[in-house]
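Student: Could we go through this structure together? I have not looked at it before.
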Amino acid sequence: GKDYRQFEMFFKNFHFLLLLVLLSSNTLFALDAPFTIIELANKQGLSDKKGNIIIPAEHEKLGWSSGETRVVNGVIGYRKNGTWGLVNLKNQRVADPVYHYLEPINDQLVIAARSIPVINRIKYGVIDTKGKTIIGFDYFKLQKNADRLIASIDNQNNIKYGIVALNGELKLPLVFKNIVAVSENVYAATDHLAKTGLYDKKGRIIMPHVLDSITIFNNHLSF
């Protein structure tokens with residue numbers, strides 16, 4: 001009837017207005033971003049929100065290996081001939097492009113991967129935004145999770161996992177077949193018998209290794 005058509009028209013108009021608000025919010029957010037990647041002749045640079053050129057478009061790529069493009073503590077990653085380094089907002093090289101991978105953890109620290117010539121392998125560690133090594137390049141892989149890293153080592157093609165704090169302190173030993181972050185504070189670790197237990201970020205056991213499997217869905221666990 002008439003009332004239903006009026007309600008339907010109101011419902012459509014409401015959703016249209018909501019869409020406009022969302023689009024406007026995204027535009028404002030984008031305009032409010034402090035820096036923007038610019039491209040010229042297949043090279044990348046950086047400008048501020050007023051359009052001023054901060055870093056000329058002379059780099060193969062700016063940003064991070066993870067796809068992020070934010071500036072971290074006044075630096076951003078740059079890629080040259082396939083490897084990554086750090087450059088500051090004065091376009092000064094802070095770290096040479098010797099890294100195969102760079103990903104910011106927070107405003108001070110960056111996960112990095114580089115070749116170790118002695119063993120002819122790529123290893124992961126952590127550097128600060130000045131290029132100083134904070135955690136040595138001893139790991140097969142590092143994955144960030146809040147203020148912890150899920151770390152792994154390769155022992156004769158046998159991958160073992162543990163948990164490392166951002167100062168390099170080992171919170172869970174590198175003995176597990178797999179570790180998955182349940183949340184910022186809880187980890188599911190699977191042992192060599194394929195049994196899974198739960199630990200907090202300090203390495204304290206929450207649940208012993210009695211679970212055959214674990215599924216994480218929308219921050220909820222199912223066993």
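Student: In what order do the 3 strands of the open sheet come?
Tutor: The order is β1-β2-β3, with antiparallel pairing. Strands here are DSSP runs of E with at least two residues, numbered from the N terminus, and two strands pair if DSSP finds at least two bridges between them. This is a predicted model, where local features need pLDDT of at least 70, side-chain atom pairs count only at pLDDT 80 or more, and totals for chains, interfaces and linings use all residues. Residues are numbered from 1 along each chain as its sequence is written, and side-chain values use heavy atoms, leaving out hydrogens and water.

Student: Which strands stand at the edges?
Tutor: β1 (35-40) and β3 (53-59) do; each has a single partner strand, so one side of each is left without a neighbour in the sheet.

Student: And over how many bridges do β2 and β3 pair?
Tutor: Strand β2 (residues 43-48) pairs with β3 over 3 bridges, in the antiparallel sense. Ser47, for example, has Ile53 in β3 as its bridge partner.

Student: Changing topic, where does Arg93 lie?
Tutor: Arg93 lies in strand β7 (residues 93-104).

Student: Is Arg93 buried, partly exposed or exposed?
Tutor: Its relative accessibility is 44%, so Arg93 counts as partly exposed. Buried means under 20% relative accessible area and exposed over 50%, with partly exposed in between (1.4 Å probe, protein chains only).

Student: What does Arg93 touch?
Tutor: Not counting residues up to four places away in sequence, Arg93 touches Glu58, His59, Tyr78, Leu86 and Val87, where contact means heavy atoms within 4.5 Å.

Terms used:
Helix = DSSP H or I, 4+ residues; strand = E, 2+ residues; numbered from the N terminus.
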